[in-house]
Amino acid sequence: MTFQKKMKLNELPVLTEEKMEQINFTLIEALHTNKQVYLTYYKQGQCITDTGFIQFVDSLGDLFIFIDEVFELKNKMKLSELIDVRFM
């Protein structure tokens, strides 16, 4: 039973349609205003929070690019990996 609980903690959270729309809206606004954002995303069984700037968004292609604040590197990611996006 303990093993199953650990597995559930590592599963990709299921987002509501409303949450996905809010994430998309925030990404587009951040792209156009060049505001810095907190990104929480799912990668290799972990939820990771990073800060940076959105450079590109392709909703149909399930893709976005952000520049992380620390290393100033371009990161190409799937929109479906996002859990949350907030302005700093």
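I started with K19, which forms a salt bridge with D84, the closest N and O atoms being 2.6 Å apart. I take a salt bridge as a side-chain nitrogen of Lys or Arg within 4 Å of a carboxyl oxygen of Asp or Glu. The pair links distant parts of the chain: K19 sits in helix 2 (residues 17–33), D84 in strand 5 (residues 82–87), 65 residues apart. Helices (H or I, at least four residues) and strands (E, at least two) are DSSP runs, numbered from the N terminus.

Note on the source: this is a predicted model, where local features need pLDDT of at least 70, side-chain atom pairs count only at pLDDT 80 or more, and totals for chains, interfaces and linings use all residues. Residues are numbered from 1 along each chain as its sequence is written, and side-chain values use heavy atoms, with hydrogens and water left out.

**Burial of the pair**

Next I looked up accessibility. Buried means under 20% relative accessible area, exposed over 50%, and partly exposed in between (1.4 Å probe, protein chains only). K19 comes out partly exposed, at 22%. D84 is buried, at 12%.

**Other salt bridges**

I checked what else D84 does. D84 also forms a salt bridge with R86, with the closest N and O atoms 2.5 Å apart. Shared partners join K19, D84 and R86 into one network.

I then turned to E29 and K35. Their side chains meet in a salt bridge at 3.9 Å, N to O. E29 is partly exposed, with 26% relative accessibility. K35 is partly exposed too, with 39%. The count by this rule comes to three salt bridges.

Five strands make an open sheet in the order 4-3-2-1-5, with antiparallel pairing. Two strands pair if DSSP finds at least two bridges between them. Strand 4 (74–77) and strand 5 are the edge strands, and each pairs on one side only. Neighbouring strands of this sheet are turned by 40 degrees against each other on average, direction ignored. For angles, axes are lines fitted to C-alpha atoms, for helices over the stretch in contact, and values run from 0 to 180 degrees between N-to-C directions.

I followed strand 5 to its partner. Strand 1 (residues 36–43) and strand 5 run antiparallel, joined by five bridges. Y41 stands opposite L82 in strand 5.

**Helix 2 on the sheet**

Last, I returned to helix 2. Helix 2 packs on the sheet and touches strand 1, strand 2 (46–58) and strand 5. Contact means heavy atoms within 4.5 Å. The direction of helix 2 makes about 45 degrees with that of strand 5.
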